[in-house]
Amino acid sequence: MGRRAAAAAAPAAAAAAADTSVAQEYEAVIGIETHVQLLTRTKAFCSCPNQYGDEPNTNICPVCMGHPGSLPMLNQEAVNLAIRAGIALNANIARRSKFDRKQYFYADLPKGYQISQYDVPVCSAGFLEVDTPEGVKRFGITRAHLEEDAGKNVHGGADSLSGSSHTLVDFNRAGVPLLEIVSEPDMRSARDAAAYGAELRRICRFLGISDGNMAEGSMRCDVNVSVRPKGQEQFGTKVEVKNMNSFSNMQKAIEFEIERQVSLLQAGRGAEVVQETRLWDEGRQETSSMRTKEGLADYRYFPEPDLPDLEIMEQQIEQVKASMAELPVAKRERYLSLGLPKADVLILADELATADFFDAAMAAGAPAKAAANWIMGDIMAACKERKMGMDGLAITPGALAEMIALIEGGTISGKIAKDVLPRLLDGEGNAGVKAFVEKEGLVQISDESAVEAMVDAVLAANPNQLAQYCSGKTKLAGFFTGQVMKESAGRVNPGLMNKILMKKLAAAAAAAAEAA
């Protein structure tokens, strides 16, 4: 158990008791509310650009600022993206839904209310199957509803709200279309929650619903955590945890919160577990109370009077379905059907740019396993070193496929390919890898007479080592291999060279034995 959680809850003895109680007496109940910013050109109810990173308060208008007399107009592309998400989440798509006003006051909410969906969401009753460390698990999706985002508070004098000296508000984000996806409380561990979040983000990215960039706030997860004695049906008191910018931090926050709540229960202080919103402090690695959680009655929902009901026709759903890209789960199944190991599949299908590059390389003729090995090895290492994604490299999938074909055809060796790859990654061979290696004088030496001449030269230049080999020190074969490779500047065909070298060494050993 973390020391901070124990200190916050009980003396050392109680904390020690809680160590075993999490596994033996209590279970966690976890649900996640995920706010996904949709990849539309404009905002949800006006024509202001939906653009991250612009100068503060430049993408605003009377509609998204809630000025009197301004009227919202629904962005139909946001509706299509919501339908796309609903199909991917195996949810029911409401043929008729409506918008509501969610009333609350906060500095970053210029209207004093948020246009959202309350009792009739666009999507409901779905599920998501997630490959967790314990196997595939199904987590229910309660609902997914459309709404608008609030603005963004920018805290000055500190990196977070805690310790800041002042706060400014940027309203560029106000009115950006959101899809809030609410899971059922089906998760029982922090690892379940992190795996669910990662798969949901994968779906959003692969289908073009959202870029899912948590650091920029385009995907934000609020986690509801409670604990209860094992075997008890009634839920414990739910605590919401916000301010997590990665799935790693989500997992840490959930683990801390489970420990904190169990420690309080074990110490007889269960009344201190209250329904509230807490923040995850990454620096201190603990949650802290932010505010008492509002109830539904506090929001005073009522139907949005300026927007008509949202009607979705069957034809619209079919059009969206026909335009959808391959889902991550389908991509993984397809990669497995190619004979790739599951470990490879999980890496290749984790990021859209990687999967797209791999698919394009295969379409250009690259064998699946060879392409996977180069992508997961040298190319990903280069991406890490250069601090960029696969889509930031200049090499084309076709160039990789051609390079692999040159290796398999004996034109270049694997060593030459590794040596030349950094230049290919910068796009030098995109006009033709074969022409590039020929121009650079990197074509593999496969002429038998030329290779034989090099082997003879190396054996003649190293008589002492040859004598030792003939006397039984056969490990010196590696020495001669290295010398021939050096003589050829790494260009000799290794298979042909090894065949000729071993034949020459065997003849020399036989001659030495006969002479003795």
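Tutor: Zero disulfides are found in the structure, a disulfide being a pair of cysteine sulfur atoms within 2.5 Å. Cys61 takes part in none, and the nearest cysteine sulfur to it, that of Cys48, is 3.5 Å away. Cys221 is also in no disulfide; here the nearest cysteine sulfur belongs to Cys204, at 9.6 Å. Cys221 is buried, with a relative accessible area of 3% (buried means under 20% relative accessible area, exposed over 50%, and partly exposed in between, with a 1.4 Å probe and protein chains only).

This is a predicted model, in which local features need pLDDT of at least 70 and side-chain atom pairs count only at pLDDT 80 or more, while totals for chains, interfaces and linings use all residues. Residues are numbered from 1 along each chain as its sequence is written, and side-chain values use heavy atoms, with hydrogens and water left out.

Side chains of opposite charge can pair when their charged atoms come close. With a salt bridge taken as a side-chain nitrogen of Lys or Arg within 4 Å of a carboxyl oxygen of Asp or Glu, the count comes to 41. One of these joins Lys242 to Asp222, with the closest N and O atoms 2.8 Å apart. Lys242 lies in strand S12 (residues 239–242) and Asp222 in strand S11 (residues 219–229), so this pair ties together parts 20 residues apart in sequence. Helices (H or I, at least four residues) and strands (E, at least two) are DSSP runs numbered from the N terminus. Asp222 is buried, at 7% relative accessibility.

Arg260 and Glu276 form another salt bridge, at 4.0 Å from N to O. Because Arg260 belongs to helix H5 (residues 247–266) and Glu276 to strand S13 (residues 276–281), the contact ties together parts that are 16 residues apart in sequence. Arg260 is buried at 6% relative accessible area, and Glu276 is buried at 7%.

A further pair is Asp359 and Lys331, whose closest N and O atoms are 3.1 Å apart. Asp359 counts as buried at 18% relative accessibility, and Lys331 at 5%. Elsewhere, Glu134, Lys137, Arg191 and Asp192 are linked in a network of salt bridges.

Helix H8 (328–337) also supplies at least two residues of the lining of the second largest pocket, as do strand S6 (123–132), helix H4 (190–206) and helix H9 (342–348). The lining of this pocket has 19 residues, and Glu129, Glu199, Val329, Arg332 and Glu333 lie nearest the pocket's centre. By class, twelve lining residues are nonpolar, one is polar and six are charged.

Backbone pairing is a separate kind of link: strands of a sheet pair through backbone hydrogen bonds, either parallel or antiparallel. Four bridges join S4 (residues 100–103) to S5, and Gln103 stands opposite Tyr113 in S5.

Key. 1 Å grid on protein atoms, 1.4 Å probe; cavity = no way out; pocket = protein on both sides within 12 Å on 5 of 7 lines; lining within 4 Å. Nonpolar A, V, L, I, M, F, W, Y, C, P; charged D, E, K, R; others polar. Pairing = 2+ DSSP bridges.
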